[in-house]
Amino acid sequence: MTALPLAGFLALSGALLAVGVFGLLTRRNFILILIAVEVAMNATILNFVYFAAFAPAGGAGISGQAIAVVLIGFAATEVAVGLAIVLGLNRLKGTINVAQATELKE
Amino acid sequence: MSLEELAFLLLAAVAVGTGVAALLVRELVHTILWISVFFVDLSAIYFLLSAPFLGVLQLGVYAGAVTVLLLFGIMVTRKRIFSREAATGVGPVPLALAVVTFIFLVVALGQFPSGAAPVQSYDPSALSGALFGAYGPWLLLLGLIMLGGVSGAIYLVREGRE
Amino acid sequence: MGTFTALDDWAFLVPLLSVAGFAIVGLAGTRLRRLEWGGWVAVALSGAAMVLGVAIGVGEMLDPGAYVNAQFTWLHLAGSPGPFPNGVSLVVGTLVDPLSALMLLVVTVVGFLVMLYSIGYMHQDRGLPRYYSELSLFLAAMTGLVLSNNLLEFFLFWELVGVCSYFLIGFYYEKPSAASAAKEAFLVTRVGDVLFLLGIFIYFFHYATTGPAGGWAENGFVFANGTSPFLPAASVGSSTLLTVAGLMILGGAAGKSAQFPLHVWLPDAMEGPTTVSALIHAATMVAAGVYLLAVASVFIGFTGTDQLAIVAVGGFTTFFAATMAVVHPDIKRVIAYSTISQLGYMVLAVGAGFAMVGLFHLFTHAFFKALLFLSAGAVIHAVGTQDLFKMGGLRKPMRLTAIAFGIGGLALAGIPPFAGFWSKDDVLSAVYSQLGSHPLYWPFFLLAFAAVFLTAYYIFRAWFLAFSGDHPRDPSLPHAHEAPWVMLGPMLALSAMAVVGGLLIFLPNFQSLLLYGAGAAGIPPVYGTTDILLSTGSVALGVAGIAVAYLLWGNGRVYALPEGSALQPVRRLLLNRYYMKAGYDWVGQRAVYTIARGADFVDRYVIDGTVHGFERVFGSLSDRLRRMQSGVVSDYAAYVIAGLLGVFVLLLIVAPYLISWFGGT
């Protein structure tokens, strides 16, 4: 059994989350927003895997991996639905620039 | 520094780098390339952390299906061969939020013991036992959500929708 | 209790009878088949009140020095350490003593006579039930005021009397001048009322902090307790606070009794019916101010400065008002100025320390002034005008009225043996005897003395203008006829009083009664040898005044001042009442407009500004906030993430602090 610095691993997932948030907030292309969300989700899944890996001995930590599996499934579904929205938006507006999809403006 | 640590450091750097690059390049197709590398890199980390099943899953689902989906999306919706709609300016608020997020996470990290911690290694069968055992309901839930999601997606893109 | 004072415990019935009149006529008057039946009810009740009042009054006069005090404590506050160790008791009650007895006689007798006269005078007017009920209420309030046994109750009835005066002056409320005169009367006397109330407060404060325990203020300002006055006047010190309080009392009295500078309302009050003028503005209500001064001087006491102020106000007003009466063409207003002037005499006497002398003049004045008013009323009723220059020669068709008015005039001018001579002379003697005590009394005494001439002159000018000559100066005047008996009766009764009323002075104990409550010790008897000189002088002045009036106005002559005469501007000044009312109007307008502008500014800019400020703040806030809904999804995502971060911060960073603050485990 090897010993690895947990803090460093967590720093990675934290950084990836920050990157994902940043992209989510700044990009105007809807597909890029989807990609940013994917990055953030992967950061979360990474966290679960960490906790599975760094769990105390006893085998209970496997639950982290199990949840990670389920989460990957969720993420994939979300991409599918997101792309459907992209296609719909494109059909409606002729563009996927979210700055131009402002029907929610008050 | 042990070999694993070094490997992790490398993989981490690549992950962050490709992630940022994917979001910042001007060409949309380039982002797909970067993002696929990102997914593969993560998969490698999973292997490193003795989650082989997850590693493979990541490759198959993310580096495979999700990447292709995204590629299809780009292809269908772009107007010219080389789209320039990729990047826009950066406002102060999102930057601030991202920075804050990161700082917050760093602080949260302080709760964890620094230094090395032992890494478990699991038998792959242990995962199947958990997944179809205690976490069976989660799988069912996943199935339902996928059903709902895909049905919705099909509905959203049907013909005749104006 | 003396032999004649057994009735005194029932004194409270006197106002109560009039209240009954007010209630009955007020509520049921309009339902009677003939409206004047309400008048007879009021007359009957006021007659009953008169009988009782005369009985009580005469009883007290025959057995002077006895106080009969009946009271009921309606509020008692427990004592506390400090100013009121024995608590404060407020009472309501009646006090029968020489002061109130004399007033009671005046008020009830004149009240009854005027009521009776009204049956004839108000025969054709509309709104009769209102008139009789208001008049009854007035009588109730006035008799209540006279019988009050404490300062607070006095003030209550004082206010009520003022309200009734407002109602009655404004009886012809459709006339704008009448409505405005009623308002003027109320507001000007209100100024006096405020001063009066301030005086009460000052007394309360003073006697609470310096008086002995169980003293005057603690007992609700009662004037007398059992058979002794509460605060003998001799014990008054000379503190500034007491002087100020006394001046406040003077202010209140000046308002009600129309002394300078609060006299402006009385001439205008002539807008009311003549009967009202006779009762209220000659005999009773305006006398309330003098009565207040009398009561205050006997039971509370005035400092030397106060006395000087009172003498000054009274003396000055006497002369001042007489000057204005000299030129006026309206018969009622001449009599009104005369009232102001004579009230000045009463105030003068009280100021000099002789409360009963002042009240004696009030007594005689009530009768001959009411007589003058009622006679004038008979004339107005007959010829339909009040303008002296349109009248003339009325002594032929209105013989009895002319005699009555003449008797009143002689009494007013102070010609013996008519009533006015005795009382006015007593006033002058009393003041003269006090001239040594203060050097500044002299000018006011002289003014009062000079006014005797003016008084005789102006009243006989009126008599000659109205009654002498052969025919009216204005040919369009309707033919005059004598007044009906229901009007003549009271006039005759009052004439009788005007003739013999002064002879009261020869009653055995009346002389000593006149000295009742006199402030200083060692006061000489009111009528001594030096006083014969005074009397002769005043009679001479009176006769001179009548003679001058005859020269100018007798036999139908009309004396017109030459156009270029130097006296013309004087005449204009007098006719315009020294422009005082115009001055008050101007000041009042300026004051009101300034305050109104200030209030408008505050209302518009401060208050509305605050309200609009709220509007603007919230408006701009909402404008800024609504930009959050930009429609751009990334922005919404930013909000979500910011909120999420906030929750995490709350949970992970703030929560431990909160837990440690609130002592959780």
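How many helices and strands are there in chain A? Chain A has three helices and one strand, where helices (H or I, at least four residues) and strands (E, at least two) are DSSP runs numbered from the N terminus. This is a predicted model, in which local features need pLDDT of at least 70 and side-chain atom pairs count only at pLDDT 80 or more, while totals for chains, interfaces and linings use all residues. Residues are numbered from 1 along each chain as its sequence is written, and chains are lettered from A in the order in which they are written.

**Chain A**
- From the N terminus on, the elements of chain A follow the order β-α-α-α.
- Of the 106 residues of chain A, 58% count as buried, a residue being buried if 20 or more other C-beta atoms, placed from the backbone, lie within 10 Å of its own.

**Chain B against chain A**
- In all, 73 residues of chain B are in contact with 67 residues of chain A, contact meaning that the C-beta atoms of two residues, placed from the backbone, lie within 7 Å.
- The largest share of the side of chain B that touches chain A comes from H3(B), with 12 residues.

**Two helices of chain C**
- The axes of helix H3 (residues 98–121) of chain C and helix H17 (residues 485–500) of chain C come within 7 Å and cross at roughly 150°, the axes being lines fitted to C-alpha atoms over the stretch in contact, with angles from 0 to 180 degrees between N-to-C directions.
- That crossing makes H3(C) roughly antiparallel to H17(C), a term for angles over 145 degrees.

Note on methods. Parallel < 35°, antiparallel > 145°, perpendicular 65-115°, else oblique. Buried ≥ 20, exposed ≤ 12 C-beta atoms within 10 Å, placed from the backbone.
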